Amino acid sequence: MLVLFSDFGPAGPYVGQMKAVLQRLAPAVPVVDLFADAPARDPRAAAYLLAAYAAWFPAESVFLAVVDPGVGGARAALIVEADGRRYVGPDNGLFELVRRRARTTKVAEITWRPPALSASFHGRDLFAPVAARLAAGAASAAEERAPDFGRRRDWPDDLAEIVYIDHYGNALTGLRAAALPASARLLAGGRCLARARTFSDVAAGEAFWYENANGLAEIAVNLGRADAALGLGIGGKITIDS
Amino acid sequence: MLVLFSDFGPAGPYVGQMKAVLQRLAPAVPVVDLFADAPARDPRAAAYLLAAYAAWFPAESVFLAVVDPGVGGARAALIVEADGRRYVGPDNGLFELVRRRARTTKVAEITWRPPALSASFHGRDLFAPVAARLAAGAASAAEERAPDFGRRRDWPDDLAEIVYIDHYGNALTGLRAAALPASARLLAGGRCLARARTFSDVAAGEAFWYENANGLAEIAVNLGRADAALGLGIGGKITIDS
Amino acid sequence: MLVLFSDFGPAGPYVGQMKAVLQRLAPAVPVVDLFADAPARDPRAAAYLLAAYAAWFPAESVFLAVVDPGVGGARAALIVEADGRRYVGPDNGLFELVRRRARTTKVAEITWRPPALSASFHGRDLFAPVAARLAAGAASAAEERAPDFGRRRDWPDDLAEIVYIDHYGNALTGLRAAALPASARLLAGGRCLARARTFSDVAAGEAFWYENANGLAEIAVNLGRADAALGLGIGGKITIDS
């Protein structure tokens, strides 16, 4: 399975052009959209989101992951293998948390270049063809690098920031709930929030945090929008009161 | 065909995770996105939308329909069969209008539970596997219930409210046009609107209502946005002047 | 390959209903979403966008292209063939630039009508079945017309206006970069913008224009939103300072 993760937006032409490439080069491989609205131009926040959501997918999945504000510049292009899952995308930290949490990892730099490479859309011209060939069982030219190539050792294991606001206004943090004390409270938007199991366990309009279905600590309001009620946005800091 | 109807939003990770489940369990069944932006957390408004749009699909379709603010709580999980179409989703009234308008219906409660069931994402963990197996010809464990199980007898046959604002700003009501007198006027947003056949039959900028391509009374402005021009939003009341 | 281009929006029911038709009539033909958010009700701006993005697709592609504010009125329904690519949609100028830039073109008027034709959704009822049959190798009833049928000779070769704002806030113009002097500056939003190769070639927060991956002149801000920073929107005029 090819899994798409990008900040390209849900409607415009970018995801579709990548899918046209995948369709041409790996027509038999199913494609699933995971995120088309990862934090825009923010590989650091996106890295925590990707690590939480990729873990749910089967080991043979190939992730085409493009949050790439440095496109066309000097950054390398990577294939990362982590616990069997393979990731294709830019070398800007996007795979840092996936790598850190894996038992086994390998990293290679993509040395293949397409005949026509635009300066601004490597998702379509470089990463999609490489991901398609990997998923179809072929290989693109890539050179193995040392395990530390492209690592971001200074990023924290869990990020006490909001990394995503979903369609309901729920605020996903970069914190794994399992890394927090069971009784921890989260301070966000000037409020101190207790933990609950799920929405219907609290009163309508009440704010809380809970472990979401992919293991992240998520701030929500039952039958309301947490982003509006608490003034939350991507990059907003969280304090853990444990 | 598997038809997706949810309030999960067009971009985030929820629809994609459901599709990954469908792909794994029913790889040969085509999947179509109907609504990813049904009225958020509002099974009542969504029920009128679903009934209007589901009727257009062929009888063998399986609808995976998730507008589920009570997820993780006490509400049951249903398989509803109505005129041959099957619907999988929560027992919160979402299928009330589909059932009421069908000649033949059956209802069963899903008793199967997956090995891992999150508290907040039954769309992925419970409803998607059940819908996939139904569409692939297998069955999930479900127990037939009495015809009245989960019914919402007190909801009206047609809902004189706005149930959806589309991408153009058109306001779809929960009223079937066929249930209205041909000369009916609709009062909405402080305006009295006459019926027209379609957009190009009225002047640019003129507000009107018409029977949309799925039979609902819809309020629109030719070459403009009705939501902005008339101050309309989901839940807004309509008065019928017949 | 069937390529979808519309102003239907990314989430609502319109694209999905068209795809259900394509699935039924051409189940073996892959479908790619190009734009679901082409300029709403604006076939002129959309025509420049379509011509720039269609050229990237292989010659055997069939484009189902629906920006159709005159639906249900007197406008004809067309099949246009341009350099081997086929386009199905309304006769309102949407294919003008595709036709003008092609070496070989043919145009036919769709005379087939479905048993049930709504007044407001020809994308689903008329254009999708015709496009599906074309892509599957069959033909719909259509009558060849003179080469000038439906042309908009008075539209410019390049449009000095903004025709699309993407998910990042970048502003795509209707100008082909190759049609501009290499040293041209663009005046937009009261600013005079120099050309750059790509985002990372300018400082963070700096506005510039560049040739995007589909050949259009595009106005952007490195690590920022050009639409907000420069006050840009669809239809905004551009001046070329060459």
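**Figure 1. Salt bridge between Asp148(C) and Arg153(C) in the predicted model.** The side chains of Asp148(C) and Arg153(C) meet with an N to O distance of 2.4 Å. Asp148(C) has a relative accessible area of 41% and is therefore classed as partly exposed. Over all chains, the structure holds 48 salt bridges.

**Figure 2. Salt bridge between Arg145(C) and Glu143(C).** The two side chains form a salt bridge with an N to O distance of 3.4 Å. Arg145(C) is partly exposed, with a relative accessible area of 25%. Glu143(C) is also placed in the partly exposed class, at 41% relative accessibility.

**Figure 3. Salt bridge between Arg100(A) and Glu96(A) within helix 3 of chain A.** The side chains of Arg100(A) and Glu96(A) meet at 2.8 Å, N to O. Both residues belong to helix 3 (residues 96–100) of chain A, and because they are four residues apart in that helix, about one helical turn separates them. Glu96(A) is buried, with a relative accessible area of 1%, whereas Arg100(A) is partly exposed at 23%. The cut-off for the buried class is under 20% relative accessible area, with partly exposed residues lying between that class and the exposed one.

**Figure 4. Interface of chain A and chain C.** The contact involves 27 residues of chain A and 28 residues of chain C. The area buried between the two chains is about 2,200 Å², and carbon and sulfur atoms give 61% of this area. On the side of chain A, the residues that lose the most area to chain C are Ala11(A), Tyr14(A) and Arg41(A), which together account for 25% of what that side buries. Ten residue pairs are in polar contact between chain A and chain C, counting pairs with both residues at pLDDT 80 or more. Zero salt bridges are found across this interface. Helix 1 (residues 13–25) of chain A gives the most to the side of chain A that touches chain C, contributing eight residues. By class, that side of chain A consists of twelve nonpolar, ten polar and five charged residues.

**Figure 5. Interface of chain C and chain B.** Here 27 residues from chain C are in contact with 28 residues from chain B. About 2,100 Å² is buried between chain C and chain B, with 60% given by carbon and sulfur atoms. Ala11(C), Tyr14(C) and Arg41(C) supply 25% of the area that chain C buries against chain B, more than any other three residues. The interface has eleven residue pairs in polar contact, with both residues at pLDDT 80 or more, and zero salt bridges. Helix 1 (residues 13–25) of chain C provides the largest share of the side of chain C that touches chain B, namely eight residues. The residues on this side of chain C divide into twelve nonpolar, ten polar and five charged.

**Figure 6. Rotation axis relating chain C and chain B.** A rotation of 120 degrees, with 0.0 Å of shift along its axis, superposes chain C on chain B with an RMSD of 0.0 Å. This is the relation of a three-fold axis. The two copies use different surfaces in their contact, and 11% of the contact residues of chain C recur in chain B. Pro10(C) is the residue of chain C that comes closest to the rotation axis, with its C-alpha at 3.7 Å.

**Figure 7. Positive phi at Leu223(A) and Leu223(B).** Most residues other than glycine have a negative phi. Leu223(A) is not a glycine, yet has a positive phi of about 60 degrees. This residue lies in the loop between strand 13 (216–221) and helix 5 (226–230) of chain A. At 47% relative accessibility, Leu223(A) is partly exposed. In chain B, Leu223(B) likewise has a positive phi of about 60 degrees without being a glycine. Leu223(B) sits in the loop between strand 13 (216–221) and helix 5 (226–230) of chain B, and is partly exposed with a relative accessible area of 48%.

Methods. Residues numbered from 1 in each chain as written. Chains lettered and ligands numbered in written order. Predicted model: local features only at pLDDT ≥ 70, side-chain atom pairs only at ≥ 80, totals over all residues. Heavy atoms only, no water. Contact = heavy atoms within 4.5 Å. Buried area = accessible area lost by both parts, 1.4 Å probe. Salt bridge = Lys/Arg side-chain N within 4 Å of Asp/Glu carboxyl O. Polar contact = N/O pair within 3.5 Å; in protein donor to acceptor, adjacent residues only side chain to side chain. Helix = DSSP H or I, 4+ residues; strand = E, 2+ residues; numbered from the N terminus. Nonpolar A, V, L, I, M, F, W, Y, C, P; charged D, E, K, R; others polar. Least-squares fit on C-alpha atoms with pLDDT ≥ 70 in both. Buried < 20%, exposed > 50% of the residue type's maximum accessible area, 1.4 Å probe, protein only.
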